[in-house]
Amino acid sequence: MLAITSLLNPQNAERINRIIKSLETEFGLDDVQATADPHITYQLAGVRKLSALNQVLRDVARHTSPFVVHTTGLGLFPGPNPVIYIPVLRSNELNHLHQRILQATKPLCLRTDKFSGPDCWLPHISLALHDTTPELLGPVLQYLNQETFNLKISINNITILRQEDELFVREKCFTLEGHKHNKAPLLF
């Protein structure tokens, strides 16, 4: 399975990794560290040909300009192993990129996750998953409540993460380059 994502810029990635590390120190939560790079996921997919996926994502990146998104608050996906995350506020630019990725990859996908569709997709940055329990939620949320989670994040890449055993590792990263290809209007 592959994850099509955008990695966070280094400053925000460092902040998120500090929070994640503190959750390990305080509560023993470390499963989220299976992905060393904090990111926003657009789609989880199995694909027929990785080379074809690389080509269509390279094309999407070539025609997409970098943009900024914002986060706020904390979120929770309930269950026996709840996921604690920072919600990413949807914007026109983010929705447009997500839609372009879905359209470009659809012919290549053998399967996708049900939460990647435009009606169900909730962009977020995971802080804890898989090793959480309902009993830990109260103390973890009380601990996290000491901070604010209002981030300004530059979306400047599309990155494929590949599952390798228990880890997700970088397969390929494409820089958003649309600003290089937009022609300035001619002035007469």
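**View 1. Helix H2 on the five-stranded sheet of the predicted model.**

**View 2. Strand order in the open sheet S6-S2-S1-S9-S10.** The sheet has five strands, and their pairing is antiparallel. Strands S6 (109-112) and S10 (167-175) stand at the edges; each has a single partner strand, so one side of each is left without a neighbour in the sheet. On average, neighbouring strands are turned by 35° against each other, direction ignored.

**View 3. The pairing of S2 with S6.** Strand S2 covers residues 39-47 and is joined to S6 by three bridges, the two strands running antiparallel. Gly-46 has Arg-111 in S6 as its bridge partner.

View 4. Leaving aside residues up to four places away in sequence, His-98 touches Tyr-42, Ser-116, Gly-117, Pro-118 and Trp-121.

**View 5. The open sheet S4-S5-S7.** This sheet is built from three strands with antiparallel pairing. S4 (75-77) and S7 (124-128) are the edge strands, each pairing on one side only. From one strand to the next, the twist averages 35°.

**View 6. The pairing of S4 with S5.** Three bridges connect S4 to strand S5, residues 83-87, in the antiparallel sense. Within this pair, Phe-77 stands opposite Val-83 of S5.

**View 7. Helices H1 and H4 on the three-stranded sheet.** Helix H1, made up of residues 10-27, lies across S5 and S7 and runs at about 25° to S7. Helix H4, residues 134-144, packs on the sheet and touches S4, S5 and S7. The direction of H4 makes about 25° with that of S5.

Key:
Residues are numbered from 1 along each chain as its sequence is written. This is a predicted model: local features need pLDDT of at least 70, side-chain atom pairs count only at pLDDT 80 or more; totals for chains, interfaces and linings use all residues. Side-chain values use heavy atoms; hydrogens and water are left out. Two strands pair if DSSP finds at least two bridges between them. Helices (H or I, at least four residues) and strands (E, at least two) are DSSP runs, numbered from the N terminus. Axes are lines fitted to C-alpha atoms, for helices over the stretch in contact, and angles run from 0 to 180 degrees between N-to-C directions. Contact means heavy atoms within 4.5 Å.
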